[in-house]
Amino acid sequence: MKGGHGPPGPGGGRHPPGIAREKSMRRSYCGLCEECPLGLGDFQEIVSRLREYVTRFRSNWWEHCFPKENGFSFVEFRKALDWFLARQDCPGCQGGRGFPDCPIRVCAMERHLAGCYQCDDLEACDKFEHLLVEFPDVKVKLRRRQIKYRAQLHHQRLASGKKVT
Ligand code: SF4
Ligand code: SF4
């Protein structure tokens, strides 16, 4: 399965060092949307400043210095920057974006789960194949989230005085 997850982000350390990263409000079943930088202030600021530089220095005029295979389309580059700036309000996978027929989404919805981190079959699940090439740690992150989630449930049960099994 291709497309649908263009902007880089999941992988943690791709944002420039020293720049704070606020938490995304987007929700997905696999956890990718929570880490997407699209719409985050630091990312948008960098794209916006780059666009400003590109415009101010009329970068399209440099195109003749690097003709043909040594260059690239500045017009398309500008379009890409505009694309990022115009999509700050992406609602994420649980808001309707993403692959419509994503096997992860379909499965998690059928099981009435808020995310795969709530699923007892996560470890053995083979529905992540289409993501693992680009995001090899997607399941590892979900497993970490699952541990926290289970610990929370455990403490809630203790607090409510229910018997813990
Ligand atoms: S559509 Fe599928 S792969 Fe995309 S964010 Fe949602 S669960 Fe993840
Ligand atoms: S089996 Fe569980 S982990 Fe796998 S896609 Fe379905 S809900 Fe997610």
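Which residues of the largest nonpolar core touch the most other members? Keep that in mind while you get your bearings; what you have open is a predicted model.

**Start with the whole chain.** Colour by secondary structure and you'll find 6 helices and 0 strands. Walking from the N terminus, the order reads α-α-α-α-α-α. The protein chain has 165 residues, and buried ones make up 17% of them. Look at contacts with a separation of 6 or more, and 60% of them join residues 24 or more positions apart.

**Now select the core.** Pick Tyr29, Cys30, Leu32, Ile104, Cys116 and Val138: of the 18 residues in the largest nonpolar core, these touch the most other members. Then show helix H1 (32-35), helix H4 (103-110) and helix H6 (138-159), each of which supplies at least two residues of this core.

**Stay on Tyr29.** Skip its neighbours within four places in sequence and see what is left: Tyr29 is in contact with Cys93, Ile104, Arg105, Ala108, Gly115 and Cys116.

**Over to ligand 2.** Around this one, select Ile104, Cys107, Ala108, Arg111, Leu113, Cys116, Cys119, Asp121, Leu122, Cys125 and Lys127. What does the shell around ligand 2 look like by class? It has 8 nonpolar, no polar and 3 charged residues.

**Two backbone stops to finish.** Go to Lys68, in the loop between helix H2 (41-56) and helix H3 (74-85). Check its backbone angles: Lys68 has a positive phi of about 50°, although it is not a glycine. Is Lys68 buried or exposed? With 5 other C-beta atoms within 10 Å, Lys68 is exposed.

Then jump to His112, in the loop between H4 and helix H5 (129-132). His112 is not a glycine either, yet its phi is positive, at about 55°. His112 counts as exposed because it has 7 other C-beta atoms within 10 Å, and the cut-off for exposed is 12 or fewer.

Methods
Residues numbered from 1 in each chain as written. Chains lettered and ligands numbered in written order. Predicted model: local features only at pLDDT ≥ 70, side-chain atom pairs only at ≥ 80, totals over all residues. Core = buried A, V, L, I, M, F, W, Y, C linked by C-beta atoms within 7 Å. Buried ≥ 20, exposed ≤ 12 C-beta atoms within 10 Å, placed from the backbone. Helix = DSSP H or I, 4+ residues; strand = E, 2+ residues; numbered from the N terminus. Contact = placed C-beta atoms within 7 Å. Near = placed C-beta within 6 Å. Nonpolar A, V, L, I, M, F, W, Y, C, P; charged D, E, K, R; others polar.
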